Structure formats: structure tokens, C-alpha cells
Amino acid sequence: MQNNIKILIVDDERVALKNLEHVMKKEGYEVFGTESGPNALKLLEEQPFDIVLTDLRMEKVDGMQILKKCRELCPDTEVIMITGYATLESAVKAMKQGAFNYIAKPFRLDEVRMVVKEAMAKVRLKKENRELREQIESYQGKVKIITQDANMQRLLETAKQIAPTDCNVLISGESGTGKELFARYIHFNSKRSEGPFLAINCGAFTEELLSNELFGHEKGAFTGAITMKKGLIEMASRGTLFLDEITEMPSSIQVRLLRVIQEKEVLRVGGTETLKVNVRFIAATNRDIQDAVKSGRFRQDLYFRLNVVSLHIPPLSERRDDIPLLSYYFLKKYAALMKKDVAEISQEAMSVLMNYDLPGNVREIENIMERGVAIANGNTIEVAHLPEDLRELSIRTFRKKEGKIPSLEEQEEAYIKWVLKEVGGNKTLAAQILEIDRVSLWRKLKKYGLE
Ligand SMILES: Nc1ncnc2c1ncn2[C@@H]1O[C@H](COP(=O)(O)OP(=O)(O)OP(=O)(O)O)[C@@H](O)[C@H]1O
Ligand SMILES: [Mg+2]
């Protein structure tokens, strides 16, 4: 079978139909044939076909109607017209309506084979593109926070509990620890999940631009304000606004934001009428915000308004157990995205990762794995596929940290435990995920006393 490619053949001429059916079956396709147009329409409604080969002139329901139905039901289906009256006109008309190609009767079988093959290539390409898109979407749409660390799990629990309330949240943590991911997690677990999630980095704009982005402006508010512009606060109404690097917000904007939070209304720059808004704010910082409050750089009243709930995400150095877990997670993600057969991380490469500081936290692991998958030439990420500075650094810092880092076996045990828990103890599934056979899994379970 050609990867279960399904072809529907419609021809009211019995001999032609049988002929085509025979050839297509021999090519390895899954073939459905019918002499009746109405029956073809019924079949199309019941199941999707990759390719439809149809006679153009038939009584009751003709080829054009079948083509139309295909376009409605399944835009991915490629339709090939067969016509005994191969007037250029009818063929062109069919092609204009989206037919892939046409074949004139009497046809030569190798011609049919060829046209079907070409259509097949197109179908495959479309399928591949769609699969890739779906994969990417499934990674983007879902907020998946991977961890086996007890503190992180408590944090997740808290995030889930406070998500449905409307309170503002302040998330702190080093760069790349997952602050934005947590913000998204809260949004998608809240009653606002259908509304927008918008984000802005308060440290990335001048005061004027930040004001413009947050509050918007009326037409003619200043030179260059040719049209009205909605601000992010307004656009995030009924959703969540994520304010990244909040300590970098200039004090003039802090005052205005405070007013927005208190009054639940916003005034565009140059505007005279306030607009009601309903926004949840989640702020994040990798600095010490209390320090900024003490030194007067950040308003205390705004701090209290934002810090209704505070979540501190620990750096990876405080949850090293997450390193192998995240490494494998990103390995899988990028192997799938890049369609590469990379599924392993060598013990040596893993110990380099385990002994490295990872100042860029989770984002750094993600980058390392993306790069590793891209340059790996076999099934395994080896030390050679890690960034050079990391390899060197790890050698230098290794001695310093010896003793407090878990061994590779401890890591393996923890990872197996985690996978087993995730699949509810289903060993067959666990073995599949770990990509080892059941016997090997059983041996490992015995070794670690996990049976
Ligand atoms: N626990 C986790 N599980 C899965 N992916 C994670 C996890 N933590 C972070 N990531 C991923 O790592 C990357 C960095 O995370 P994120 O952008 O949330 O970090 P951040 O704390 O906002 O960083 P920065 O301070 O640099 O803005 C993202 O691609 C995110 O999806
Ligand atoms: Mg961020």
C-alpha cells in the first residue's frame, strides 16, 4: 500500500472503470470505484479521498459536480477529469474550478499512471506541510510546563489555583526560567482564556514609545499621529496583559498604569474620554523589585497593586533534576520539527549539561538542543554537538561542584520515575516513550527497585 492513499474512480462506462480500478490497484493505491455519480457524492461525504478520478460527462451527476463537492468537503483532494469529449473548453473549465489535470479518452494507461503520480506528489506535499503546521501549533498553543521538581510543582499548583481569580500576579525569576510561560499558563487556565494574551517588554522602548504602545493615541495627538492607535491595555481587555521587565518602566508611566489598575479605565494619549477596560496584569522581572521599591525607582503603591500574588521561579541551578527532563523534551520537540531521527543524548553529553551552570536556564537548554538536533548526524547528541564554550566551561567548573550533583544513574532513575508517573504506571507506554524495549525497562525498574 502506498501509505494508505485512497483513490475514488467514477466512470459510468463499466469497461473503462474496471480498467482504471485494475491499474490503480496494481500501483498499490486503495481503490474505490463506482459507476454512479450520485453514489460518488455519497462516498465523498462518508470519507476523505486523496485523489478522485472522474469522468466528466455522466448522466444525473457529472464530473463538474463531483469536483465542486470535493472542493467543498476536502480542499486537499486532487481531482483528475477524464473526458471522452476532450474539447479544450471543458478541460479548461474544469482546471479553472480547481481540477488537477485532465485525461482524454481513449487514454493510455501509462498516461493515467503518470498524471496520478503527479497528483500524488502534490497531495503528499500538502499533507506534510499540514502535519508540520499542526506540530508547530500543538507546541505553541498548549502551555506545557515540564518539571519534576517539588518546588516547581507547588508553584504550578499555586498558579492553577489563582488562575481563575482575577488578581494581578508578579512573577520573578532569572532570565529564561519560564516567567512568560507561567504567565501564559495562568492566562490559559483562567476565565479569560478565550480573550487575548498580549505581552510587552517594558525595557525595550523609550518612554514615549512605551506610552504609545500601552495607552495608544488619538489621531493628531502629536506630530506624526496620523491615525488613531489603540493601546495594548485597551486591546488586552477581557484578556491578560503581560508586562515583562516591569522594573524598567519609567516613573511617569508607572503613575498612569496605577491609575488604569485603580479606575479600570484608560485614556489614550491626546484623548479626552476614558475607556472602560477589563484587564488582568501579570508583571515579570528578573531584577530585585523590592530593591527598586526601596531605592524609590519603583512606586510602592504600584508594586502592591501588581504583587497581589507573587510567584518566584527557581533557576535551574536549584532544580538540576529538571535538566535531563527538559533536555529530552526539547530534543523530541526539535527532532519532530526538523524531521530528524535524533532520540538520544549520550551519557557524556548529558554529564556536560548536568555539570554546567546554565545561566540562561531553560531557554539555554532549548537553544542547545535545537542546535544539537540541527547538527547531529546520527541518532544521538554527542559532546561534539554541544556548543564549544559549554564544553570548555564544564571542564573548568566540574571540580568545583563535584559532590553535590546527582549521578547519571540517579538522573535515569528520576527520569524513569517521572515518565511512569506521567503515563499512570503503564509500562508499555513508558517503554515507548523512553524508547527502550520492555525487557530493558523491566531490568531498570528492578535495578532501581521501582517495580
Ligand atoms: N518548565 C518548562 N517546560 C517547558 N518549556 C519551558 C519551561 N520553562 C521555560 N520553557 C521554555 O523556555 C523558553 C524560555 O522561557 P520564557 O520565555 O518563559 O522565560 P523568561 O523567564 O520569560 O525569560 P526572560 O527573562 O529571558 O524573558 C521558552 O521557549 C519556554 O517555552
Ligand atoms: Mg520573558
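Asn 151 sits in helix α6 (residues 150-162). Helices here are DSSP runs of H or I with at least four residues, strands are runs of E with at least two, and both are numbered from the N terminus. The model is predicted: local features need pLDDT of at least 70, side-chain atom pairs count only at pLDDT 80 or more, and totals for chains, interfaces and linings use all residues. Residues are numbered from 1 along each chain as its sequence is written, while chains are lettered from A and ligands numbered from 1 in the order in which they are written.

Asn 151 is partly exposed, with 13 other C-beta atoms within 10 Å. A residue counts as buried if 20 or more other C-beta atoms, placed from the backbone, lie within 10 Å of its own, as exposed if 12 or fewer do, and as partly exposed in between. Beyond its neighbours within four places in sequence, Asn 151 is in contact with Pro 314 and Arg 319. Contact requires C-beta atoms, placed from the backbone, within 7 Å of each other. Ser 251 lies 100 residues from Asn 151 along the chain, and their C-alpha atoms are separated by 34 Å.

The chain is divided into domain 1 (6-139), domain 2 (150-314) and domain 3 (318-447). These bounds come from an automatic or database domain assignment. The C-alpha centres of domain 1 and domain 2 lie 54 Å apart.

Ligand 1 is surrounded by 17 residues. The closest are Ile 146, Gly 178, Lys 179, Glu 180 and Val 362. A residue is near a molecule if its C-beta atom, placed from the backbone, lies within 6 Å of it. Helices α7 (179-188) and α15 (361-375) are the elements that give two or more residues to this shell. Four residues of the shell are nonpolar, seven are polar and six are charged. Ala, Val, Leu, Ile, Met, Phe, Trp, Tyr, Cys and Pro count as nonpolar, Asp, Glu, Lys and Arg as charged, and the others, Gly among them, as polar. Domain 2 and domain 3 both give residues to the shell, so ligand 1 lies between them.

Helix α17 (residues 408-422) has 15 residues. From first C-alpha to last it reaches 21 Å, close to the 21 Å expected at 1.5 Å a residue. The expected span is 1.5 Å times one less than the number of residues. Gln 411, Ile 416 and Val 419 are the buried residues of α17. Seen down the helix axis, they fall within an arc of 130°, so they line one face of α17. The arc is that of the directions from the axis to the C-beta atoms. These buried residues pack against α13 (322-337), α14 (347-354), α18 (427-434) and α19 (438-447). On the other side of α17, Glu 410 and Lys 421 are exposed. Just after the helix, Gly 424 takes a positive phi of about 60°.

Most residues other than glycine have a negative phi, and most peptide bonds are trans. Arg 238 is not a glycine, yet has a positive phi of about 70°. Arg 238 lies in the loop between α9 (232-235) and β10 (240-244) and is partly exposed, with 14 other C-beta atoms within 10 Å. Lys 339 also has a positive phi, near 55°. Lys 339 is found in the loop between α13 and β15 (344-345), and is exposed, with 10 other C-beta atoms within 10 Å. The peptide bond from Lys 105 to Pro 106 is cis, with omega near -5°. Pro 106 is in the loop between β5 (101-104) and α5 (109-141).

Technical notes
Contact = placed C-beta atoms within 7 Å.
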